[in-house]
Amino acid sequence: MEITKVYPLDAVYDNPDNVPEDVKANRILKMDCTGTFPSERIIPGYGGGMSSAKAALESDTLVLAFEAGRKHRIRVNTISAGPLRILAAKAIGFIDMMIDYYLENAPLQKELTAEEVGNTAAFLASPLASAITSAVVYVDNGLNAMGVGVDSPIFENLDIPKEK
């Protein structure tokens, strides 16, 4: 297999000195630091037009998968990552609170790593995923599947296993 080009849709900068000036100055791009969130849910305070942009990204994945697949036999997929503890994520202001919530409520109670997101990208670009296209792959330890957080008071009398 030969990968001819990978098109990044989100950029991550681990050092503020590496962030280009146009990105630093862009109000909307400053907020886009934690990966793609599902268009089916809201995250209060995560705004600046990003909720619409994220929903459009997921919709565009479907359209591009059809167009690129039919015309060029190219697969198109999107990775929707959970919150990552990276320097760039500090721009949204409440990333630590998001990660705490995530660790409390995700089915797999462990912190997500950039390596896990990268592994998913490598898998999707490999022959192992040769029949996968138009997918939004959630790399978030299962949090996207939750309808209600397990830390909700309505569950206080249930014996829900928790990692200590």
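This is a predicted model: local features need pLDDT of at least 70, side-chain atom pairs count only at pLDDT 80 or more; totals for chains, interfaces and linings use all residues.
The protein chain has an average pLDDT of 79, and 70% of its residues score at least 70.

- You can find threonine 78 in strand β1, which covers residues 78-81.
- Threonine 78 counts as buried because its relative accessibility is 3%, and the cut-off for buried is under 20%.

**Helix α4 and its buried face**
- Helix α4 spans residues 95-105, and its buried residues are Ile95, Met98, Ile99, Tyr102 and Asn105.
- Looking down the axis of α4, you would see these buried residues fall within an arc of 140°, so they line one face of the helix.

**A closer look at asparagine 105**
- Asparagine 105 belongs to helix α4, and with a relative accessibility of 1% asparagine 105 counts as buried.
- Setting aside neighbours within four places in sequence, asparagine 105 is in contact with Leu143, Met146, Gly149, Val150 and Asp151.
- Take methionine 146 as an example: 41 residues separate it from asparagine 105 in sequence, while their C-alpha atoms are 7.9 Å apart in space.
- For aspartate 151, the backbone nitrogen lies 3.0 Å from a polar atom of the asparagine 105 side chain.

**The chain as a whole**
- The protein chain contains five helices and two strands, arranged along the sequence in the pattern α-α-α-β-α-α-β.
- The chain has 164 residues, and 30% of them count as buried.
- If you take contacts between residues at least 6 apart in sequence, 62% join residues at least 24 apart.
- The accessible surface of the chain is about 10700 Å², with 58% of it belonging to carbon and sulfur atoms.

- Confidence is highest in helix α5 (residues 114-125), with a mean of 96.
- Confidence is lowest in helix α2 (residues 27-31), with a mean of 43.
- Over residues 27-37, pLDDT stays under 50, and the model has 46 contacts beyond four places in sequence for this stretch.

Definitions and conventions:
Residues are numbered from 1 along each chain as its sequence is written. Side-chain values use heavy atoms; hydrogens and water are left out. Buried means under 20% relative accessible area, exposed over 50%, partly exposed in between (1.4 Å probe, protein chains only). Helices (H or I, at least four residues) and strands (E, at least two) are DSSP runs, numbered from the N terminus. The arc is that of the directions from the helix axis to the C-beta atoms. pLDDT is the predictor's confidence in each residue, from 0 to 100. Contact means heavy atoms within 4.5 Å. Accessible areas come from the Shrake-Rupley method with a 1.4 Å probe; for residues, only the protein chains shown count as cover. A polar contact is a pair of N or O atoms within 3.5 Å; within protein, one must be able to donate a hydrogen and the other to accept it, and residues adjacent in sequence count only if both atoms are side-chain atoms.
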